[in-house]
Amino acid sequence: MKEMHRTFAALSDPTRCAILEMLADGEKTVMDIAVPFAMSQPAISRHLKVLEDAALITRRIDGAKRPCALSPAGLEQLEQWATKLRKSMARNYDRLDAVLAAMPPVEKDTP
């Protein structure tokens with residue numbers, strides 16, 4: 001569960017969410033990522049470090065460049081967590097449906 005706390009902490013920042021959306025289009029360098037933001041490259045690098053620590057992105061070394069990409073493993077973990085919650089909610093609604101179906105109909109008073 002500790003990993004999920006890191007993931008949600010990383011996702012709590014709008015800049016980091018925007019970075020993830022950018023990376024959905026494919027691998028990008030730090031400089032590519034920095035272009036649309038009104039912040040320095042070191043500030044972007046700090047955001048990338050948080051995303052990397054949360055296992056949401058991966059970085060590799062390509063000469064002087066450090067291209068970033070979405071991490072399938074990190075996103076899969078997030079998806080599994082959300083699926084677990086979705087299934088739990090569906091079971092709760094199914095139980096509620098069963099209770100409501102077993103209740104006698106309510107008669108309305110007509111004037």
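Close-up 1. At 41% relative accessibility, Glu27 counts as partly exposed, a class that lies between buried (under 20% relative accessible area) and exposed (over 50%), with a 1.4 Å probe and protein chains only. This is a predicted model, in which local features need pLDDT of at least 70 and side-chain atom pairs count only at pLDDT 80 or more, while totals for chains, interfaces and linings use all residues. Residues are numbered from 1 along each chain as its sequence is written, and side-chain values use heavy atoms, with hydrogens and water left out. Glu27 forms a salt bridge with Arg60, their closest N and O atoms being 2.8 Å apart; the term requires a side-chain nitrogen of Lys or Arg within 4 Å of a carboxyl oxygen of Asp or Glu. Glu27 lies in the loop between helix H2 (14-23) and helix H3 (30-34), and Arg60 in the loop between S1 and strand S2 (68-70), so the pair ties together parts that are 33 residues apart in sequence. Helices (H or I, at least four residues) and strands (E, at least two) are DSSP runs, numbered from the N terminus. Arg60 is likewise partly exposed, with a relative accessible area of 38%.

Close-up 2. The whole structure holds three salt bridges. In one of them, the side chains of Asp53 and Lys49 meet at 3.0 Å, N to O, and both residues lie in helix H4, four residues apart, about one turn of the helix. Asp53 is partly exposed at 41% relative accessible area, and Lys49 is partly exposed at 41% relative accessibility. Arg59 pairs with Glu52, the closest N and O atoms being 3.2 Å apart, and Glu52 is partly exposed at 25%.

**Close-up 3. Ala55 and its positive phi.** Ala55 lies in the loop between helix H4 (41-53) and strand S1 (57-59). Its phi is near 60 degrees, a positive value in a residue other than glycine, whereas most residues other than glycine have a negative phi. Ala55 is partly exposed, with a relative accessible area of 33%.

**Close-up 4. Contact of helices H1 and H5.** The axes of H1 (residues 2-11) and H5 (residues 72-102), which are lines fitted to C-alpha atoms over the stretch in contact, come within 11 Å and cross at roughly 100 degrees. The two helices are therefore roughly perpendicular to each other, a class that covers 65 to 115 degrees, with angles running from 0 to 180 degrees between N-to-C directions. Glu3, Met4, Thr7, Phe8 and Leu11 in H1 meet Gln77, Leu78 and Trp81 in H5, where contact means heavy atoms within 4.5 Å.

Key. Angles under 35 degrees count as roughly parallel, over 145 as roughly antiparallel, 65 to 115 as roughly perpendicular and the rest as oblique.
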